[in-house]
Amino acid sequence: MNLLLAEVAQATQRLAAAGVPSPRNDAEELAAYVHDVKRGELHTVPDADFDARYWETIARREAREPLQHITGRAYFRYLELQVGPGVFVPRPETESVVGWAIDAVRAMDVVEPLVVDLCTGSGAIALALAQEVPRSTVHAVELSEDALVWTRKNVEGSRVPLHHGDAFAALPELAGQVDLVISNPPYIPLTEWEYVAPEARDHAPEMALVSGEDGRDTIRRIERTAHRLLRPGGVVVVEHADTQGGQVPWLFPEERGWADAADHPDLNNRPRFATARKALP
């Protein structure tokens, strides 16, 4: 075992003691980041090249600073995104939400699908859809100036038009034309704030996390926005907390012009997102 791998083993123990959920993964990721190698190449780093700054990054992660804030990068489906303070770090659970949306758009009898991503944050959802549905146009909407610092970096050079503004009043010029509206909105109830993981509670913007007493205030407003934007037959996809399974589809009732409202599980088989179709006239 070389020096770096021995240090990684010690770092893993420190991170585990600090309650970090994936200590070995994070210790290796930080070692690869500091030494500018891939995780599978850690054993090739000569002992003389060990960089003591590794322990600075471990101390930051030990204090529960998000791994992605330390490295400045997050991975989402086939993307590598720039992230940092002020923007919500995309999570693996959201990949299944986007996967469903991609399949739904591909199944539509539409040559050039029109998609809107509300509360886009880092731009992960919009960029993934644009990449994997090449003939689509995906509009991304974000209100937070802090988040937009990162969104602009990520969408630069892409086909994704970025709009700075309130998601609930966004894109009036597209009313009744959109094929799919998607959102990973804030959905944590105020009553559960103290139970949120330190990585999110202490480092993610609160406006990207909390949404009223029951966590569904933003989703209620997205329901109205989606109905305004979608064409008849268009689809809305909204992520929610696993504890809200069975509750969110009721926010898309038939009497307000919706059909086929349903919940869907993530890869861990937990309720993760709701979908509904705008009813035909």
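Contact here means heavy atoms within 4.5 Å. Helices (H or I, at least four residues) and strands (E, at least two) are DSSP runs, numbered from the N terminus. What you see above is a predicted model, in which local features need pLDDT of at least 70 and side-chain atom pairs count only at pLDDT 80 or more, while totals for chains, interfaces and linings use all residues. Residues are numbered from 1 along each chain as its sequence is written, and side-chain values use heavy atoms, with hydrogens and water left out.

Let us begin with the sheet. It is open, has 7 strands in the order β5-β4-β3-β6-β7-β9-β8, and its pairing is mixed. Because β5 (162-164) and β8 (258-265) each have a single partner strand, they stand at the edges, and one side of each is left without a neighbour in the sheet. From one strand to the next, the twist averages 15°. Two strands are said to pair if DSSP finds at least two bridges between them.

Now walk along a few of these pairs. Strand β3 (residues 114-118) pairs with strand β4 (residues 137-142) in the parallel sense, over 5 bridges. Here V116 stands opposite H139 in β4. Strand β6 (residues 178-183) is also joined to β7 in the parallel sense, over 5 bridges, and V181 stands opposite V236 in β7. On to β9 (residues 271-278): 5 bridges join this strand to β7, and the two run antiparallel. A274 in β9 is the bridge partner of V238. How much of strand β7 (residues 230-239) is buried? This strand is mostly covered, with 8 of its 10 residues buried; buried means under 20% relative accessible area, exposed over 50%, and partly exposed in between (1.4 Å probe, protein chains only).

Helices accompany the sheet. Helix α7 (residues 145-155) lies across β4 and β5, running at about 165° to β5. For such angles, axes are lines fitted to C-alpha atoms, for helices over the stretch in contact, and the values run from 0 to 180 degrees between N-to-C directions.

A residue in another helix is worth a stop: L127 lies in helix α6 (residues 124-132). L127 counts as buried because its relative accessibility is 8%. Leaving aside residues up to four places away in sequence, L127 touches L79, L81, N154, V155, S158 and V160.

Finally, turn to the start of the chain. Helix α1 (residues 3-17) packs against helix α3 (residues 53-62) at an angle of about 15°, with their axes 10 Å apart. That makes α1 roughly parallel to α3; angles under 35 degrees count as roughly parallel, over 145 as roughly antiparallel, 65 to 115 as roughly perpendicular and the rest as oblique. In this contact, E7, V8, Q10, A11, R14 and L15 of α1 meet Y54, W55, I58, A59, R61 and E62 of α3. By class, the contact has 7 nonpolar, 1 polar and 4 charged residues, where Ala, Val, Leu, Ile, Met, Phe, Trp, Tyr, Cys and Pro count as nonpolar, Asp, Glu, Lys and Arg as charged, and the others, Gly among them, as polar.

Helix α1 also packs with helix α2 (residues 23-35), at an angle of about 135° and with the axes 8 Å apart. The two are therefore oblique to each other. Residues of α1 in this contact include L4, V8 and A9, and those of α2 include P23, R24 and D26. The contact of α1 with α2 divides into 9 nonpolar, 2 polar and 3 charged residues.
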